[in-house]
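Here's a quick briefing to read with the model open beside you.

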Amino acid sequence: MELFDNLALGFYTASTLHNLFFCLIGVLLGTLIGVLPGIGATATIAMLLPITFQLEPVSSLIMLAGIYYGAQYGGSTTAILINMPGESSSAVTAIDGYQMARKGKAGAALAIAAIGSFFAGTVATFLVAVFAPPLTSIALEFGAAEYFSLMVVGLVSSIALAHGSIVKALAMVVLGLLLGLVGTDIYSGTPRFTLGIREYADGLNFVAVAVGVFGIAEILRNLEDERTRTVLMAKVSGLLPTKDDFKKMVGPVLRGTAIGSALGILPGGGAILAAFASYTVEKRVSKNPEEFGHGAIAGVAGPESANNAGAQTSFIPLLTLGIPANPVMALMVGAMIIQGIVPGPNVATEQPALFWGIIASMWIGNLMLVVLNLPLIGLWVKLLTIPYYVLFPIIMAFCAIGVYSVNSNVFDLYAVAFFGFIGYALVKLRCEPAPLLLGFVLGPLLEENLRRAMILSRGDPSTFVTRPISATLLLIAVLVLVVVFLPSVKKKREEVFQAEG
């Protein structure tokens, strides 16, 4: 009964005209950046962080969440129509979706992707509502040692699921942790690593780092790799799948939803991993595996359901533990901090309207996406013809205005430019910046809980292994590292990310 009362509170909060407006803005903007290859949800949310400072906490977080799962929808549009995934998680959809479009079934492919995504999003939202409260109750029992160990698990998992070299991913986490140390010591009040620059006294500006490493770096990368986008068809018709199509998509949608819901919780890239896992499963269980790669409906329905379910359930560790499961969730943590909210289990008890409002808005946002996206496909097709060199000056100006508006400090603009070039250099060195951002966000929390646990134990480090929950979490972290370095797992991991590329 309590669950229904909480959901009623959530829908009451999310369905106010103010919050519905920002949910609509979020899903439309998410779809737009998903449709336009080369921008991405992470870069967009990073660039919009300054705006959230002026909004109410509930409205800003509902809008950012809408951008995230809206981008999953938009990414499938480009994957199907021009064989260019707008989002990494839509890369698998392009394999069979584009082939369906070439056979004149683009409308059916887009409808299958939308229906599968809506069903998966609905189920995943329900799972968030069911599992978030008990996990929050457990998290309230955590002490400093347990939180430290939990964050170690999160960072280790982000290393395991990062693209490319594990050593480079580890280096990115360490660099993020080091950047998080800049500022004033939390206990002694002594400035550290500030290089004598007074603007660093409060630490590096999260918005400047995020916008630089993801937003500006992404713009530079896309300018270097501008490709001509050829739309397969100017007009898409036949948006209603046939009865036979529906029969073929039921099983893949159900399996994809289950896979995505489970893998989305994992730190790193659960939604991306879920899409590839779903495609692999569908190919193995299919009676006609030879159809895959030539327009198989299961190759669209399964991965699209999986990546949307994964996007929704990635909110579970954020809302219950305050731990980001991926770079977008790390940015959501930053948005909460900007609003003066301490991420973690206390959010559910201290601000239930915010907590349940975000959960309810996920279902409302998914409904908006289905109702709006299919009729607007013609508009998205036209937008695909806009050259990137026309878009990037507008995006750059938007970034600069937004970052400056947070603190009205010119120094932040220099920081954005600096971290933009750092992010671009990381891309050229094939170092994924996502672990860096996770390290930067979790670094201060990791240090605070480490030092608090040591103070409470009077300097005895054995407190991390004598407390059962803490010891179990550290053991999981060690096992994850061991498994990742196993030759068979390492080879399979390389194959998955090579296929994504």
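In the largest nonpolar core, which has 109 residues, V211 and F315 touch the most other members. Keep in mind that this is a predicted model. The chain is built from 23 helices and two strands, and 55% of its 501 residues count as buried.

**The nonpolar cores**

- Leaving aside residues up to four places away in sequence, V211 touches A46, M47, I216, C399, V403 and V416.
- Apart from that core lies another one, made of 14 residues, and A101, A106, M249 and A301 are among them.

**Contacts along the chain**

- Take the contacts between residues at least 6 apart in sequence: 80% of them join residues at least 24 apart.

**Helix 2 against helix 16**

- Helix 2 covers residues 17-35 and helix 16 covers residues 352-373; their axes come within 10 Å and cross at roughly 55°.
- How do the two helices sit relative to each other? With angles under 35 degrees counted as roughly parallel and 65 to 115 as roughly perpendicular, helix 2 and helix 16 are therefore oblique to each other.
- The crossing of helix 2 and helix 16 is right-handed.
- On the helix 2 side, the contact is made by L20, C23, L24, V27, L28 and T31.
- Helix 16 brings S361, I364, G365, M368, L369, L372 and N373 to that contact.
- Sorted by class, the contact of helix 2 with helix 16 has nine nonpolar residues, four polar ones and no charged ones.

**Positive phi without glycine**

- F193 isn't a glycine, yet it has a positive phi of about 55°.
- You'll find F193 in the loop between strand 2 (191-192) and helix 9 (206-224).
- Is F193 buried or exposed? F193 has a relative accessible area of 55%, so it counts as exposed, the cut-off being over 50%.
- R458 is another residue other than glycine with a positive phi, in this case near 60°.
- Where is R458? Look in the loop between helix 20 (434-456) and helix 21 (463-466).
- R458 has a relative accessible area of 81%, so it is exposed as well.

Methods: Residues numbered from 1 in each chain as written. Predicted model: local features only at pLDDT ≥ 70, side-chain atom pairs only at ≥ 80, totals over all residues. Heavy atoms only, no water. Core = buried A, V, L, I, M, F, W, Y, C linked by side-chain atoms within 4.5 Å. Buried < 20%, exposed > 50% of the residue type's maximum accessible area, 1.4 Å probe, protein only. Contact = heavy atoms within 4.5 Å. Axes fitted to C-alpha atoms, helices over the stretch in contact; angles between N-to-C directions. Helix = DSSP H or I, 4+ residues; strand = E, 2+ residues; numbered from the N terminus. Parallel < 35°, antiparallel > 145°, perpendicular 65-115°, else oblique. Left-handed = near helix turned anticlockwise from the far one by under 90°. Nonpolar A, V, L, I, M, F, W, Y, C, P; charged D, E, K, R; others polar.
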